[in-house]
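Subject: Structure for your review

Dear colleague,

Please find below the structure that I am handing over to you. My notes on what was found in it follow directly after.

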Amino acid sequence: MKFSKTMMATTALTVATGTIAFAAAHGMSDSMTLVSWGGAYQDSQQKAYVEPYLEMHPEVSSTWDESSAEAVAKLRAMNEAGNVTWDLVDVVAADAIRLCDEGLAMEYDPDELLAAAPDGTSASDDFGDLIVSDCYIPQIVYSTTFGYRTDMVPEGVEAPSQICDVFDLEKYPGKRALEKRPINNMEWALLCDGVAKADVYDVLETDEGQDQALAKLGTIKDEVIWWSAGADTPQLLADGEIFMGSTYNGRLFSVIVDQKQPVGMMWDAQVFDLDGWIIPAGLPEDRLARVKDFLMFATDTQRLADQAKYISYGPARASSAPLVPEDMKMHMPTDPANAANTFLYNYEFWADYRDDIDAKFQSWLAQ
Amino acid sequence: MSETTQDGPVPNSASSANKSADARPELMLAADGTPLKKSLSRALRRQKLRALGLVAPLLLFVVITFVAPIADMLFRSVENQIVSDTLPRTTEALADWDATTGNLPPEAVYEALFYDMSLAAEAKLHTRLGSRLNYEQTGLSSLFRQSGRGLDDISDVYLDQFEDLNKDWDKAQPWAELMGDPEWLTEQAAWTKADGKLPRFVLSDGMDDLLPRTSVAYQNFARFTQVEDEKSPIKTKPWGTVQTALYQDLMAQDVSGYSGPHADMLKTADAAVADFDSVTFQEGFSEIDEDWADHEVWQTIKTYSPNYTNGYFLNAVDMQKTPEGPAMRDDNERIYGLLFKRTLFMSMVITLSCIALGYPVAWILANLPSRTANLLMILVLLPFWTSLLVRTSAWKVMLQQQGVINDTLVWLGLVSDGDRLVMINNQFGTIVAMTHILLPFMILPLYSVMQTIPPTYLRAAKSMGATNWTAFWRVYFPQSVPGIGAGSILVFILSIGYYITPEIVGGTTGTFISNRIAYHISSSLNWGLAAALGTILLAAVLLLYWAYDKIVGIDNVKLG
């Protein structure tokens, strides 16, 4: 144990560089370290509420750390070292549940921490079921879905609109991009192999079910480029390397709208997921006070609606939805036209089966 | 390295024999009267200490930043204290249970589990243990998570009945008065926030004899509440474990002699408990989740009870622990052996292609007039200084199916538009990109060695009638071997540990073992397995280094 402490202390030293918050003598700290994903999403956060907040509080400075992908690992290490340098961390729901379970994230009372809606609806009702854990402050609903090159659709054939078109090489020949992990892919494969939506996880629990999913994926294996970074599929689509590929809907939005590429969206069986804030457990009082003040502002109805101006992710508050600009609504995963057939993946299932299925998936890939 | 200290003439055996013969009995003394030998060694020691003092900061730096993390990693690969730390009583009780009989563990184990788990759930440690054990058996993660929440079902049985007897059994104050030392109670009552730390809970005298289980349960509650939640036990309702322990104690103990605070309440309860509804812990746990009645779950817990385990290492070589000893995993779950082999094989190929490409370049550099050579050297160094990510991404642009090379081939008519070559996201892509990235590490040592080989040797060989090839192969090449050795070791060891490039261009067939290590460190959070894989990799590198030293000799390596 001694060794691990020494080592953790050194790690913490490196991590802490530059983010040492000088605790104000009393009251609130005047600096915040926010952790997010970088790219277009972080920009939307910066513009929608970090900048306005900093304008209101000129004494405060904020720093971004783009480590959300490794947030759980890093928070664990910081916790072991006894020196948490982050103030607010943006994570997906599955990670938030894990952080909460392990006591790495602070539990909070939504109605105390978050502003009520303008019409007086309490925050807990306004966010509703999206508060998936006692520690989680959801910000947006995003989805993993498919984009395809409109100019590569074979002549005389309709553009792909069903999830099973991904598995149909005869009708839609060409390369596909899928994420290099079993989550989502296994579910889509089973859906297209005749398993009913409600039974997907029951089937996937069994060895036969896992083999069935891999067998279905095997039918397109030769045509798949496996991605591991969110930027891969948009890039591959823009290069014309692939015909269709899965990625986050906001990334596709920027390929289609900002970069004007000949790319279309296929919303069928899009997988909903949440992204939002957790507060690391055990923050000193002054930093916690600052974070609470910021959160109250950043998660109010108007601010969440503002964020939707910059990126096509649906705001997590019901009261924000009507305030979303009209021209953005059609790009939201939550828009009724897009959300006709959605799939909410099972966090609990993947918490249990991740290691097992991942080992199988990886060796299947390598064979 | 150590040779330098032995420079100078070495006395031959004859002179040393002389010396011992001439040794005089009386000691030689220094000016201050101390023996010369002593005075000399003192002076030397002072010198050594000063030298050590000078290198101390560096030494400390190396130890802290290099040795300590490696030691920590080695330690993590076998460390397994989480099970016995989180469930101390359960693992102890399980020690006597024979897993091979097929029977479930006795009630005492379930009882220990109840108390251990309650404390762990308050500290939120049970989910960590759950994820640890889930590496070994799927489903344990959610079993532990749900059981943490379900524990109240067991304790509520007793809590409700005690509460029916007297409301005070579910209140903070009476419990504190019953269990706490009077002195502590006064201190605690007088405490204000300004005083800082809460006074540490002290059990009242004789309580641990009277109510042993309750004392332990209450102490756990009181200390945890004070330290972790920073709340006063006087104002906090005790956990359900306390009432459960009280029920067990009252069933087993005689409290008639007790006369302290709340004696009436306790005695009434004592008289009533015999008629209480009760539930065995085993039933209670099976109610929470039927998996607790599963023999295999207990077997896993028992298998991973010891503080140290070889489980991670077995996993790292595609094996697993079974009751019958280590066994291979299913065919469709074996990946690490394959990845280790692939990593070594591909690193070898990359090293060889670096030699093939780097040797002629270094030769040209070494044999051109220095002005031209310097210019060419810049061409070697420029990519060397360019970011790894930039170069890797550039290869992606070059090699992809709609990329520069395929476009050129199609334009030249060598390849039809329909069958563009697949050159990226596979092994080929990784080899090309990594060869390019590591090439300077081959060229630079080769160049520095080749520069020291006088060109006159080649001319001399030729003047004696050797052909170009013989002159090169018999005269030049042997002298350049140290350069090849140094370059190969550098390139090989660097490529074994690469993970960014294979991640970007490797696809599925071109990724290395380091990609899995990175995955386990940052995504699956199975740090133990990552450490075991890393340890094996480290051992492999050291072994290769040793083998290299035996075959080629490490003294032959010249880095400049």
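**The second largest pocket**

A total of 31 residues line the second largest pocket, and those nearest its centre are Gly103(A), Ala281(A), Gly282(A), Glu228(B) and Asp229(B). Please bear in mind throughout that this is a predicted model. Two helices of chain A, α5 (110-113) and α12 (285-298), each give two or more residues to the lining of this pocket, as do α5 (107-123) and α11 (212-227) of chain B. The space inside the second largest pocket comes to about 1,300 Å³. Its lining is made up of 14 charged, 13 nonpolar and 4 polar residues.

**The largest cavity**

How many cavities of 30 Å³ or more does the rule count? The count is 1. The largest cavity holds about 30 Å³ of space. Its lining consists of Leu75(A), Asn79(A), Val84(A), Leu104(A), Pro280(A) and Ala281(A). Of these lining residues, 5 are nonpolar and 1 is polar, with no charged residue.

**The interface between the chains**

In this model, 46 residues of chain A are in contact with 44 residues of chain B. The two chains bury about 4,000 Å² between them, and carbon and sulfur atoms account for 48% of that area. Which residues of chain A lose the most area to chain B? They are Asp101(A), Glu241(A) and Asp352(A), which together make up 14% of what that side buries.

One salt bridge joins the side chains of Glu348(A) and Arg145(B), with 3.0 Å from N to O.

Several elements of chain A supply at least two residues each to the side that touches chain B: α1 (2-16), α3 (71-81), α4 (93-101), β6 (224-227), α10 (232-239) and α15 (347-366). Among these, α15(A) gives the most, with 14 residues. By type, the side of chain A that touches chain B contains 20 charged, 17 nonpolar and 9 polar residues.

Yours sincerely,
A colleague

Note on methods
Residues are numbered from 1 along each chain as its sequence is written. Chains are lettered from A and ligands numbered from 1 in the order in which they are written. This is a predicted model: local features need pLDDT of at least 70, side-chain atom pairs count only at pLDDT 80 or more; totals for chains, interfaces and linings use all residues. Side-chain values use heavy atoms; hydrogens and water are left out. Contact means heavy atoms within 4.5 Å. Buried area is the accessible area (1.4 Å probe) that two parts lose on being put together, summed over both. A salt bridge is a side-chain nitrogen of Lys or Arg within 4 Å of a carboxyl oxygen of Asp or Glu. Helices (H or I, at least four residues) and strands (E, at least two) are DSSP runs, numbered from the N terminus. Ala, Val, Leu, Ile, Met, Phe, Trp, Tyr, Cys and Pro count as nonpolar, Asp, Glu, Lys and Arg as charged, and the others, Gly among them, as polar. On a 1 Å grid over the protein atoms alone, a cavity is a set of points where a 1.4 Å probe fits but cannot get out, and a pocket is an open set with protein on both sides within 12 Å along at least five of seven lines; lining residues have an atom within 4 Å of a point. Grid points are joined across faces, edges and corners, and a volume is the space filled by probe spheres set on the points.
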